[in-house]
Amino acid sequence: MPLGKKVRPSSAAGKLETYTISSIFHNIRPDTVKHTISRTRSSQAHAKTSIPGTRNGSTPTGWLSQVEQNVHPEWLEWELVKQCNRRHSVGVVQNVATNENIQRLGDTLKSLRKGKIEQQVSLEHLKSIQAAFEEFENAGRKYLDVEAFKKIMKKCLGFHGVHHDQIGELFRKIDYSANGQVDWDEFCTYMQLKYKEIEESYTRSKHISFSLPATIREFSHAEQILRIYFTPDDTFIMMREDGTISFWSAELKLKRSKRLFERPPGRKPKWITDFTIMSQYNKFILSTGDREIQIYELSTLEPYCQITGLETGPLQLDYCSTGEDDCMILYGDDQGCVNILLLSSVGETLRTWKKGPKVDNLPTISIENSILSPNVTCIRWKVHEDWVTQMKYYDSIGAIISSSNHEASALVIGCTTGTTNLEKQMKELKECWKEGKSLKYQSTPGIPQKRLECDQSVFHVHKGVKTFDFCKKNNLIVTGGMDRIVRMWNPYVPGKPTGLLRGHCAPIFFLYISTDDSKLFSVSADITVKIWDIEDQCCLYTANSKASQIKGDISACHYRSGTKALCITADGIALLHLRIQPQPKPHHVCSHNEPVLCCKYSDEFRQVITCSEGSVIKVWDLDTGNLTFEFSGAHGDSAICCMAFDDSGRRLITGGRDGCLKIWNHNNGHCLRILKKESRCDEICDCIYVEMHKNKYVLGVGWDRRINIYCDSFGDNYHTQSPEPHWQDDLKRGHKDDILCIAQCPPTLLATSSYDGEIIVWNMISGHIYCRLQKPPTAACGDGEAKVDQSVNKVIFLKTRVLKAELGASLVATGPQGSLAFWNLFHGGQLFGIFTASKVKSQLSSLAVSIDDSLLYVADYVGYIYVYGIKDFAVHGPEVNPPRIVNYWRAHVSDVTCMELIEEQKVMVTSSVEGTVRLWSMDGEFIGTFGQPQPWEIYAPASWKHPMVPYEILIDPLSMPIHPVLEEETSVIQLSNLEQSEESIENAESKPDLLYKSPKMIISDDDISEEIKKKTFQNNLGKRLRHERYQSLNKPLNHGGPVAYHTLKCFEISNAPIPCEKPDLSAANTDPFITLCFKGSTVDS
């Protein structure tokens, strides 16, 4: 077992983590390295071997930091320690294959450290390479071979540690036609398309959008809404100008509403300027145009008290709790002042205010009387030269941020109570004395004071600031105003913005920074909503009023980060919900966001290529499992159904549901050619690359029920190519239903299968039908039963048998209900064997066979993979019994769409509709899932996930093991009582001899204790058993068959009461025990 890995107890289908063994390398590392590792593991607890990738998700080129340059994963250190004591020479008793693996492991870091040259090329390098190409062209060599290409790349790049094989790999990627030479145009085209796809892939990873149109609740004409608050119980609180407060649910259903002010006769009604919530005291505060601050009960909406006599009209309100019973009430007024009320002993202060005299049936206290209390402190700062447009106190920085439309004081970050730095205060005092001015300090609440320069930061913004937002995590302030530009600021650098975001056509009304995903939401006065990326400072999404269907003049906005919804009020209440991609389940690693339909292995570049239903093609590194490249929209919005490589392995052929076949340079996403019919195109189900008549062709089959043949010629300059004429036998005697699969057996045979269960074997040279294969029809289904699916979705040739064994079966095909058929192709085609390959009788989805045709790999729709030994099966004639099953395991929880055997590396790749692509050893050992955070080393088993298996497989009920007893009709209870039943029958036949017969088995305590020691079934199941008990409480437990306990005989114990006489207590002062004893002695005498 590799050191440093988690020890996992065995179970029937996999392993689960229980406890950890510390590594021996922790004791021999330097102290600095230990601390570095501890910090790294605390932040990346589940990524011991993870390596940071580049921004586009390509193969990483370095380790976590310079400090960890020599710190490797523990499995890697263990492998290096083992190699130090190994001999690299082959001894007498050494295995040659084992020595080859040691040679490959000689540089275990090679696959993890290898970087791609194209990711390190700068503009200066490109100029040097161009000059080198021009020099060769002037010498008469426009095209360079691989050796000349290596020389100029080594010379121009000048990288240390760049190997010739890396440059050779880059040469092969550029030379997709395999003609052995490249020129400057081909090099530039490859690099340009490579970087373009990388940038597009990065942009797609940040895609975000709203669900349009918005959810809108219209209401009748009323005053505009001033402010929106969201409570923890998913309730919107909205306040109108006329004092109407309303409560709305998250589904925009009105819970309750109340008008706080009654219109007095002969007087103008009050109007609200702003409101905020005192959540700590279950109250809310509102400011009025009569220069009042009123406090109400939040639960009953009844008035509590009010503060009157304010010097100016409050426009913006804010509240912040500063202690257990301390708080701060802030308001910005129409004179550009920031007013602060510092309250201590808030509960007592509010009760004192409530006892004041009532004005308009509301307890009232003036601002002059309120500051007389020792619990109240009033501070006024003169900040702006125009009214305050927005104001908020941020406890994370202990400062107030306010804004106005005045350019010279558009945004100000200032303190609350003034400076405490005596040096700066004395310095400013001296400067004022030199200028003959007096330094004014706050004396009365009616006189606003100006802050010292050291107490505030002033931002100058053209046309002022109408709205802003601040994020402490990103150290960012964003501002917006009348000039329609969103500016990004560092709060400590007020001189110049760090970014300008242009795109709005109306003044900015609302800004919000989402710290969870580093996004910025902006809303303009014309109800245009934009989502910006903070890191790249680019617009990701725009929704105008026509698309969102929000009408009217915007009055208030609020973004709820919990529900990821933007609430906008205009003529109604509108909710814009973000489209949230489904989050992967815990312990679940996805390779694609959509179902993966096929996968292929490129031996030329040691890459695994996968394609999905979303028309996305991804290129993975086989040695590490990292994503090296991806491109989307390969077939537009259509799914990619099949893939194949050309004979050189440098070009990828894909077929999609749009009816097109496309040829790609998959290393940079360059579409080289499109193969399609001129008429209506039907879905392509399968494709192959073949060689006929010394020419090369691409064959595609699908729903058009014909074999479409396209000639592959580099001399054809047309980007779109039509197929060759169809074979006459294909037109006249071909398939009558959709063709699902095509397979080739060089040099002449070709097999196709259709949905109706027919298999046709063709002669590719002549185009004639060689033979037809039709399985005998299954038994007719009864009334009400579903019709059996007769389709043959996979066929495969046993190529070593086609020419060697005329009597043996050389074609394997899937069938209905999980059956597998072996066909002999000679003498018109004969069925040599058929058996059910799937244990659960599920439809088979994929087939693969080893190079020597000794092992057959079968996958079904429930995720199982079965390995059958077919070396001698159906070789000399028909077979009745199925072949020997060598191994089976569950690779996925759903349909396995494709299997790819890589026998040179002794591994296999599987893909599934659940979006995962996994790598397994040929024996079923789980290596990992492509795209997982921790890379693996394919030649180091210590880096594999084995003995673990994917978590979703462990908890799936179909993965539970089936005891052999359960596969029979006899139940466990019947089997456990088998001996007892036999004994009862014998007793019934010979009743007189019952007393003389001895029991068949005598069980002692030693036997029972020995049985307990042997019984490890419960311990092996561990977490799996606990999970299944919660999932299926009514499922009977499997006790593992009859044991010694089942043969024990149970006897009932009679519960007879013991007779006891009640003692005589009639005589006074008599001891009952003495009386009883005396009575007993009398009886004895």
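Colleague: Between which strand and which helix does the loop with Pro 947 lie?

Modeller: The structure is a predicted model. In it, Pro 947 is placed in the loop between strand E59 (926–929) and helix H16 (951–955). The peptide bond from His 946 to Pro 947 is cis, and its omega is near 15 degrees.

Colleague: Which residues does the other cis peptide bond, with omega about 5 degrees, join?

Modeller: That cis bond joins Pro 746 and Pro 747. Pro 747 belongs to the loop between strand E44 (739–745) and strand E45 (749–754).

Colleague: What makes H8 mostly covered?

Modeller: Eight of the 11 residues of H8 are buried. They are Gln 166, Ile 167, Gly 168, Glu 169, Leu 170, Phe 171, Lys 173 and Ile 174. Their cover includes H7, H9, strand E33 (607–612) and strand E38 (661–665).

Colleague: Asp 175 lies in the loop between helix H8 (164–174) and helix H9 (184–205). How do you know whether Asp 175 is buried or exposed?

Modeller: Buried means under 20% relative accessible area. Asp 175 has 2%, and therefore counts as buried. Beyond four places in sequence, Asp 175 touches Gly 180, Gln 181, Val 182 and Arg 650.

Colleague: What sets Asp 360 and Gln 817 apart in accessibility?

Modeller: Exposed requires over 50%. Asp 360 has 56%, so the term exposed applies. Asp 360 is in the loop between helix H10 (346–354) and strand E15 (364–366), and Gln 817 is in the loop between strand E49 (811–814) and strand E50 (819–824). Phi is near 55 degrees, a positive value in a residue other than glycine, for Asp 360 and for Gln 817.

Colleague: Why does Ile 760 count as buried?

Modeller: The relative accessibility of Ile 760 is 0%, which is under the 20% cut-off, so the residue counts as buried. Ile 760 is found in strand E46 (residues 758–763). Leaving aside neighbours within four places in sequence, its contacts include Arg 733, His 735, Leu 750, Ile 769 and Cys 771.

Colleague: Which residues of the largest nonpolar core touch the most other members?

Modeller: Of its 36 residues, these are Ile 617, Leu 622, Val 909, Leu 919 and Phe 930. Strand E32 (residues 596–602) supplies the largest share of this core, four residues. Another core, of 23 residues, lies apart from it and includes Tyr 281, Leu 317, Tyr 331 and Val 376.

Colleague: How many of the 1085 residues of the protein, as a percentage, count as buried?

Modeller: The share is 49%. The protein has 22 helices and 59 strands.

Methods
Residues numbered from 1 in each chain as written. Predicted model: local features only at pLDDT ≥ 70, side-chain atom pairs only at ≥ 80, totals over all residues. Heavy atoms only, no water. Helix = DSSP H or I, 4+ residues; strand = E, 2+ residues; numbered from the N terminus. Buried < 20%, exposed > 50% of the residue type's maximum accessible area, 1.4 Å probe, protein only. Contact = heavy atoms within 4.5 Å. Core = buried A, V, L, I, M, F, W, Y, C linked by side-chain atoms within 4.5 Å.
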